[in-house]
Amino acid sequence: MSDPTKNPVSSQTTDMPKFADIYHNSITDREQFWAEQAKRIYWHKEPEQILDDSNLPFAQWFVGGETNLCYNCVDRHLEERAEQDAFIWLSSEINQELTETFPGVVDAFKDLGNSVEFYTDYAKRRLTYNDLYKEVNYFADVLQRHGIEKGDRVVIYMPMILEAAYAMLACARIGAVHSVVFGGFAAHNLAIRMDDAEAKMVITVDAGLRGGKVINYKNLVNQGVAQANVKPEHVLVVNRGVLPFKPQDIDVDYATERRRSCEANAVVEPVWLESNTPSYLLYTSGTTGTPKGVQRDTGGHAVALTTSMDYIYDGKAGETFWAISDIGWAVGHSYTIYAPLLAGMTSVMYEGLPHRPNPGIWWRIVEANKVNILFTAPTGVRMLKKQDETWMTRYDVSSVKSFFLAGEPLDESTANWLTQHLGVPILDHYWQTESGWPILSNTPKFDHKPHKQGSPGYPMYGYDAQVINEETGKVCAAGEKGLLAIKAPLPPGCLTTVWRNDERFISSYFGLFDGQQYSTSDYAVTDEDGYFYILGRTDDVINVAGHRIGTQEIEEAISSHPEMAECAVVGIQDELKGELPIAFCVLKDHEQVATTENRFRIEQQVVGAVVKSLGGIARPAAIYFPQALPKTRSGKILRRAIRALAEDKDTGDMSTLDNPAAIDAIKQSMKDY
Ligand code: ATP
Ligand code: MG
């Protein structure tokens, strides 16, 4: 698998507790461990009971305690860091030049109380904790004036702008349950989520900007409202001045309402919530099927995220954290909004793509804002890998101390590429929307173990994670493949149920074995040192003539080809062998397959690489060269769609597809064959 000495982070420091001890403690004496962690946040009323596990797999944390997420994110820091930046907002979609294309933008910023600096490559707005306190209070006041109360659901359908952060925090302040819907989803998906949550309000914008393209959010919301069975009472519109629209009867203009609250110096007292009160709903990415409405609590969520910022990310108050993500998925919730603020850090919020206006934009932002910790998904890095790599060396990125990646397997070539150019630890770690924070990770703070290439690390405190044999339910020995499972109770911060669907919570996650093991639906294997390796999703295992092969293992072999940008392997039905792997390969330079000769060469090399690492059984039956792969909005490859196309079947629920053109690219690549 990999050589543990290949990639040491650094040697162990002596006065630091050992992570192994922390872990052990967290499993053998859960209540004591989490009682200790709970001290990291402010409780209006102390918890009466740390864990109620009388009704597993449902677990209740910090029972009877009362707290407020927004208070912990904002108010609590005013004494010590009122003038420190809470957020640095950057948008490469709006720059000096583009203020001419969208002349309304400058006035709209003023209307919204934002003072913005325009540069040639981006617009920037700094927001101190004090500013954030004011804005969140205004926003909460506007919500209250429009009838939003504790327990009401509010759908937030917005791009990466600060008002989206205010909206989330304002909901948390008054105890409303937010449900952020990924920007750019079709009206139909929005309507489904509005109905599922029975949303009382939708918060949106006139338009979003993505890669220079204007996305008509307002129109999508109008259609969504028309299609929804449960109509919201109001649509609160943050007008960015990008796209003129005709207001509807239920529309409320945020800038006008904000002005009222601002003139009145509105202050909204935080509503103290019992720890197990739902804080938000968020749907999973839908990579393997219909998305599930993950429900998160309040106190456990706050404690878990605060602890993770210290123990896992080694982030300190005053440092700058940049989770390059979108608020529409779990990383954006946990690590763009909540965790950095809970920890008193500065969070970078970025509207824009990794390669616009040029592939140096990330590093330019890192340099200009002295980012200390980075976090993104491998897909963005792979996009940069396709570009001229000298972009990596033009900026001073020495402020960065670690770079975390999650969401997808991190292939060796991408990890190496980053390590070479950045010279900081590249740390793969593993989690899910459901968990809300890492399940497997390395812990640079404790530094007791080197990280290993190909492994997202070892189980984090609180997760009694094991690899389990699917048939016997027994724990696998090192080297034996099985299902990655977590013994109930799940630690604080994880989903507490599926929104209004306890049955689906049990059937989706606790259906196996004795009903007390949470199934991640991912296969894994451990090594002798206790490191875990993810082998792919249970959905993505193919059976070739009786041999079970994870498509991810074949993809890893293919990714080692120097001309490969990314690839997807799927299994298709075969009369003789049951299933056969076929590969879809996106080259860094697609022109390379323009000649038959070259194409043949690459095919041979790809087959060679697979056979060498996995044997003849894994040999792809066909290799196609599409220009792109279909992905979810969170950047995950939609293998089930590719498989359906390869088998000429219906692609099923495509609600989370990000790039419809890739569907044609897949079809075309099969025609070219
Ligand atoms: P759905 O559950 O709706 O099918 P999804 O599983 O893609 O969608 P997420 O919660 O966003 O939704 O993704 C979590 C999954 O991403 C994990 O279960 C795992 O398959 C994959 N994943 C996350 N981090 C890693 C990692 N470091 N290495 C390999 N796979 C990872
Ligand atoms: Mg999942």
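Trainee: Which helices and strands each supply at least two residues of the lining of the second largest pocket?
Mentor: They're β10 (208–210), β18 (346–351), α15 (378–385) and β31 (564–574). Helices (H or I, at least four residues) and strands (E, at least two) are DSSP runs, numbered from the N terminus. A pocket is an open set of points on a 1 Å grid over the protein atoms alone where a 1.4 Å probe fits, with protein on both sides within 12 Å along at least five of seven lines, and lining residues have an atom within 4 Å of a point.
Trainee: And which gives the most?
Mentor: α15, with 4 residues.
Trainee: How many residues line that pocket, and which lie nearest its centre?
Mentor: 43 residues line it, with R210, L353, P354, M383 and D658 nearest the centre.
Trainee: Is this an experimental model or a predicted one?
Mentor: Predicted: local features need pLDDT of at least 70 and side-chain atom pairs count only at 80 or more, while totals for chains, interfaces and linings use all residues. Residues are numbered from 1 along each chain, chains are lettered from A and ligands numbered from 1 as written, and side-chain values use heavy atoms, without hydrogens and water.
Trainee: New topic: is β9 buried or exposed?
Mentor: In β9 (residues 201–205), 5 of 5 residues are buried, meaning under 20% relative accessible area with a 1.4 Å probe, protein chains only. M201, I203 and V205 point one way, V202 and T204 the other.
Trainee: What does I203 stand opposite in β12?
Mentor: L236. β9 and β12 (residues 234–238) pair in the parallel sense over 5 bridges; pairing takes at least two DSSP bridges.

Terms used: Buried means under 20% relative accessible area, exposed over 50%, partly exposed in between (1.4 Å probe, protein chains only).
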